[in-house]
Amino acid sequence: MFLECLECGGRYQDPQPDGLRYYHVCAPIVIVTVERAGARIEIPRRELAAGDKPIGFRLAPRSNGRNENSPREWDNERKRRRKAGGAVEIDPPAPALEPFASASEAR
Amino acid sequence: MTIPSNEPNPITRKVLGIDTGAGQPFYMTGEDRLRIVTAASVAGITVRIAGRFLTIGGELTVFEEEQTPGAARVPVTREISLGDGWLLNLEVFHATTGAQLGATYSSVRVVRGGLGALRELAALIQGFCNFHNRMIWPNAQNTRSTEGEGLYRVVTGTNPAAGVEVIETVPAGAIWRPVSLQAILVTDATVINRAVRFALDDGASEYYRSPGLANHPASTTVTYSAASNATIVVAGIDTTLLHALPQDLRMLAGHRIRTATANLQAGDNWSAPVMLIQEWLAMDGTV
């Protein structure tokens, strides 16, 4: 079964082809410190604009990030959490893109 | 317990080795029970515990119980009351074929008392088993849950949304050793060089980062691999770059392996990472 996380948009397969369960954890967001119009501010990476001067970045947990790892809960509890609106079943994804045979073919 | 030398039952004398000095039976009273604790990382496995028991009256009995742990790596327990007598032998194995050695970890203990006042008195056997590889007592060869080769498996991780890094978290109850990892980055048309690194952290503090090997320009697809004990390769004729991971690394539950891409743009897209890992059961839950 393939699933898409409604929080981070990540897509994953559970159970895995070898039969083991997969416990999705939302990826953290990247907060970038930039100089913009003479001021130093922190913004999510997706909000970077032309002219911003990046100084550094840090990882920050998502405010509503999902973590399907429940250290001492049973599988039915994990399923209950999904049913509560965390993820939806989707079609299997298309195969990953093949890279170009050589760098020159990319241009 | 001292076995009286004038024990009249000839079977008892023979089995217990009173005359020959042989045998390793384990004496149990009616208050003692066998407690079997098992954790699994694969669903659908039934663990079977079987053995022979000689009662105080000289009757040879057999017992066979089953236990079905879930796949969440949480230890489950089952107790068997055998009565007053001697445990002669015991074996633990999977009821059916198909599972790799390392998918379950079991231990058999002797306990007394009830919930809240349980006393563990002896550990008879602990280790890995499957249908063909059995845990046996006596002559047990006990192993810790973190010993041995573990379970080799291929994990296909989360395919992140555009503009998001690859990040995989070691699940609860597991210990991972990443052997190799592969993911593909497709950059969008934004003209800026990206640089990919692999990083390891414990969920908060980063403890390893590989160096960026080459610029990754716009509108380009490159395959990135990372492997333990690898020699860093910056290839001039191929679109595959190889990073090194620490050798013989053990990552605990909650630790993360991820990409760290300088100048990652909103339209850049990482594929789902595919990882070959060795996994052990941490057996860190309370039972």
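A disulfide is taken here as a pair of cysteine sulfur atoms within 2.5 Å. By this rule, zero disulfides are counted over all chains. The model is predicted: local features need pLDDT of at least 70, side-chain atom pairs count only at pLDDT 80 or more, and totals for chains, interfaces and linings use all residues. Residues are numbered from 1 along each chain as its sequence is written, chains are lettered from A and ligands numbered from 1 in the order in which they are written, and side-chain values use heavy atoms, with hydrogens and water left out.

Cys5(A) is buried, with a relative accessible area of 1%, and Cys8(A) is buried at 11% (buried, under 20% relative accessible area; exposed, over 50%; partly exposed, in between; 1.4 Å probe, protein chains only).

Chain A contains one helix and six strands, where helices (H or I, at least four residues) and strands (E, at least two) are DSSP runs numbered from the N terminus. The order of the elements from the N terminus is β-β-β-β-β-α-β. Three strands of chain A form an open sheet in the order β4-β3-β5, with antiparallel pairing; two strands pair if DSSP finds at least two bridges between them. The edge strands, each pairing on one side only, are β4 (39–44) and β5 (53–60) of chain A. Neighbouring strands of this sheet are turned by 25° against each other on average, direction ignored (axes are lines fitted to C-alpha atoms, for helices over the stretch in contact; angles run from 0 to 180 degrees between N-to-C directions). Strand β3 (residues 29–36) of chain A is joined to the antiparallel β4(A) by six bridges. Thr33(A) stands opposite Glu42(A) in β4(A).

Of the 107 residues in chain A, 36% are buried. Chain A exposes about 6,600 Å², with 53% supplied by carbon and sulfur atoms (Shrake-Rupley method, 1.4 Å probe; for residues, only the protein chains shown count as cover). Among contacts in chain A with a separation of 6 or more, 50% involve residues 24 or more positions apart, contact meaning heavy atoms within 4.5 Å.

Chain B has one helix and 19 strands. Buried residues account for 51% of its 287 residues. The accessible surface of chain B is about 12,500 Å², and 50% of this belongs to carbon and sulfur atoms. In chain B, residues 24 or more positions apart account for 73% of the contacts with a separation of 6 or more.
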